[in-house]
Amino acid sequence: MVTGSDLPQSLQAIDLARQYPGQCYATVGVHPCSAQAFDKYDGGGEALLAELERVARAGIEAGTVVAWGEFGLDFDRLGYCDRETQEKWFAKQLELAAK
């Protein structure tokens, strides 16, 4: 399982899964310590969320993406991203994962 902490790393994980089919599989998502990427994304957080969903669905169809991650809550590492931002984007990623 190859995970990424944000969109670019998720794309890299998918690329590795393409290179090693049947041996590597990718996840798509934004790590809680990187959740501020949603607010910094060109077009805003909802645009990043939509792009993550598009990438995940394409990867699922191609057989390279098998999970949504790495996302969650890291309250012991609030120096990277505040609690409110983590909670907001965790909930939205969880909604996508549940689809």
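In this predicted model, Leu7, Leu11 and Ile14 of helix H1 meet Leu48, Glu51, Leu52 and Val55 of helix H3, where contact means heavy atoms within 4.5 Å. By class, this contact of H1 with H3 has six nonpolar residues, no polar ones and one charged.

Ile14 also touches Ala26, Val28, Val55, Thr64 and Val65, leaving aside residues up to four places away in sequence.

H3 packs with helix H4 as well, and that contact is made by Gly45, Glu46, Leu49 and Glu53 of H3 together with Trp89, Lys92, Gln93 and Leu96 of H4. The crossing of H3 and H4 is right-handed, a term used if the near helix is turned clockwise from the far one by less than a right angle.

| Helix pair | Angle | Axes |
|---|---|---|
| H1 and H3 | roughly 5° | within 11 Å |
| H3 and H4 | about 30° | 11 Å apart |

H1 and H3 are therefore roughly parallel to each other, a term for angles under 35 degrees.

Of the 18 residues in the largest nonpolar core, those that touch the most other members are Ile14, Ala26, Val28, Phe38, Leu48, Leu52 and Trp68. Such a core joins buried residues (under 20% relative accessible area, with a 1.4 Å probe) through side-chain atoms within 4.5 Å. The largest share of this core, five residues, comes from H3.

Residues are numbered from 1 along each chain as its sequence is written, and side-chain values use heavy atoms, without hydrogens and water. Because the model is predicted, local features need pLDDT of at least 70 and side-chain atom pairs count only at pLDDT 80 or more, while totals for chains, interfaces and linings use all residues.

Conventions
Axes are lines fitted to C-alpha atoms, for helices over the stretch in contact, and angles run from 0 to 180 degrees between N-to-C directions. Helices (H or I, at least four residues) and strands (E, at least two) are DSSP runs, numbered from the N terminus. Buried means under 20% relative accessible area, exposed over 50%, partly exposed in between (1.4 Å probe, protein chains only). Angles under 35 degrees count as roughly parallel, over 145 as roughly antiparallel, 65 to 115 as roughly perpendicular and the rest as oblique. Ala, Val, Leu, Ile, Met, Phe, Trp, Tyr, Cys and Pro count as nonpolar, Asp, Glu, Lys and Arg as charged, and the others, Gly among them, as polar.
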